[in-house]
Amino acid sequence: MTPKRFHWIVAITAALASSGFGQNERMRVRAFPPKAVRLLPSPFESAMAANGRYLLQLEPNRLLHGFYLSAGLPPKGERYGGWESRGVAGHTLGHYLSACSYQYAATGDSRFRDRVVAIVRELAECQALRSDGYLGAIPDGDRLWGEIRRGDVRSKGFDLNGFWVPWYTQHKIFAGLIDAVRVAEVPEALPVVKRLGEWAIDTTKVLTPEQWQTMLQCEHGGMNESLADLAELTGDARFKDLARKFHHQAVLDPLSRKEDRLTGLHANTQIPKLIGLARLYELDGKPEDRTAAEFFWDRIVNHRTFAMGGNSNHEHLGQPDRLNDQLSPESAETCNTYNMLKLTRHLYAWEPKATWFDYYERALFNHILGSQRTQDGMVTYFVPLQPLATRPFSTPFDSFWCCVGTGIENHARYGEAIYSEADSEIRVNLFVPSVLTAQSEGARLRMEASLPQDERVRLKVERAEGRTWTLAIRRPEWVASSPRVSVNGRGVALEPEQDGYLRVRREWKSGDLVEWTLPMAVRTEPLPDNPNRVALMYGPVVLVARHPREEEGPPPVLVPERRPSSNLLRRLPGKELRFRSADVLRPRDTDFVPFYEATEGPYTTYFDLFTGEQWKERERTYRVEAARRAAEERATIDVLRPGEMQPERDHHFEGERIETGEHLGRKWRHAVDGWFSFRMKVAPKAPQELVCDYWSGDSGRVFDIEVDGVKLATQRMEPVSSPAFVKVRYLLPPDLLAGKREITLRFVAHNGSVAGGLYGARIVRKDLKKTE
Ligand SMILES: [Zn+2]
């Protein structure tokens, strides 16, 4: 880098650091730069520290493995396992750059910045060895990008030219480099990401609008967001033009018309598209972009979100206001909430109301904090919400799922929205213990709190330069009674203003002390489609029942017998937040803890409300039903959920003339005059059956089912008078399974007919069938 260019970059970086990145007239409040906030001891700080230890355990050279290969260099470390050994390789390095940048900014620990500097240097070297500016680690990536460059664009629904999610992966690398510039203040990353942006322009320049839309069927992360960021960072409008091309019409256009067509869509594929639109709104001020982002947020948060702030089931969005049947081991993907928090920060900046933070706080205190195991910094993919659930965690070197990538960022970023500022105003949005250094007001504030254990919050003005400004305190929606505020020990009567903030304006002096209470009481929160299924809340946190490890039997229910919600649980003495159910939980009373503490499980989040009589009647039914389901699970060797991205990938799903869709909330696959196939595990010796779910209304269809090329059955869908979902069982002949651990099932349409629709397939042990 020439000295002149270096100075130019330093100047930009310094300007960014002082003004707050991405600030403009459409944003009515500013975020403080991440380095302005230091966490004080709390579960958030513990999570951040655990995250830091894990980040330092990871070896950059191993994360760089594929980058060296695509630059023609010998790798300096073995590649990691999990998703880093698969088609999405390289995504973790992007997240790692972001995570280390935030971890450095939040703690001042230079080891994290050193890693960012070292990785950026390696990436610059890899990039310099190529003529096209590409940086990436996607296996066989040159073949893919060569095809795209020639205008050869194909997608069978989720893939791009048979590759996993290449633009999703590239987005992470863009975002990591951008965070290196603006958060870790590593100016050397700017020319690298700019060159990568030019590569993206060049790679897509021949594509027609139709080819773009085909390409965008494949998950592409927040490419529009990163390119908008890059346009702003460099002042180069070409990047904004490209950001606009990453506009997935099928999803975004209905949203800008306030049409909810989200049911059945893969959740985390969509959220970043809206974050990108939000960024573009900030740059261009197009009202339809804002409409789409705000409408989408409402449809997710107010119509598809669980009490713990997460959304989705099996990674997909269900029907609005229908959550009763969405409580499963695969509820609430963690990436989704990472992205929803990001989106919320944008919407808050445009219209700074306290209510945005009611969602934000709930998602942060429950889902995000509960998605990490503090002992070792491992994180969750899903957060299970069915009764008696346990949370599965990543492993250090062999997971690297999407949610590990966003996970290592989550716990480095707790500081970024606790405070914000407007003209001569400092806002307290979240009651997370921390110290804020607000350059603009020349102030340093220390906030001490231990929510939800304690309702009191103390905010000490440690340094003031005798200036006059307003302290605005968010009044949460959950307070059980009006907060009491005092300044230097003297009570002040405050009413929340229209935006939901309580305000104290004065000339501040060092040593000034503001104290307030946030009264909390136990309350219930029902599901929108079932008033008799509730979560218990206390302040911002969900309280969950914690069960002994060996707990079995019917899911616990609440029998309140007309008792008010606030009397369902009894607070136990001690500093920790512990409750005991007060003779209202069946089959037995137990302790309740904050959702975020229930990392190991088993725990229960939602409870059915019963009368004593109902409980007696239903206890028996519950036992029978639970036994049936457990038997089915025990008997199941493998299960495929057709039409869902990850299960299909795991089962090597492929086919010709295939389609996917949804009927009555269930996804299907079929092949029109074609075929589809997938692999299923089998047990070496047991007698087994294939159990297929069909819709009997698909009458007239005829297709063969083959096992490893041998015909198993011909399925004819006969006309029926009242269509329903049906299960068809096929005995798997032992000679077809002999010595195998896996079989390939192929569904082949008869001439001119359709194979499927297949709604589900299981391999089930036959010997246990009679217990069902
Ligand atoms: Zn994820």
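A: Let's start at the zinc ion: its site is tetrahedral, with angles of 98 to 121° among the four donor atoms. Four donors get that label if all angles lie between 85 and 135 degrees, and donors are N, O and S atoms within 2.8 Å of the metal (3.2 Å for Na, K and Ca), with water not among the atoms, so sites may look incomplete. For reference, ideal angles for four tetrahedral donors are 109.5 degrees. Keep in mind that this is a predicted model, where local features need pLDDT of at least 70, side-chain atom pairs count only at pLDDT 80 or more, and totals for chains, interfaces and linings use all residues. Residues are numbered from 1 along each chain as its sequence is written, and side-chain values use heavy atoms, leaving out hydrogens and water.

The coordinating atoms come from Glu-333 (OE), Cys-335 (SG), Cys-402 (SG) and Cys-403 (SG), at 2.1 to 2.3 Å. Along the chain, those donor residues follow the spacing E-x1-C-x66-C-C. Glu-333 sits in the loop between helix H15 (287-301) and helix H16 (334-350), while Cys-402 belongs to helix H18 (residues 402-410), so this pair ties together parts 69 residues apart in sequence. Helices here are DSSP runs (H or I, at least four residues), as are strands (E, at least two), numbered from the N terminus.

Arg-427 lies in strand S6 (residues 425-428).

Conventions: Tetrahedral: all angles 85-135°; square planar, octahedral: opposite > 155°, others 65-115°.
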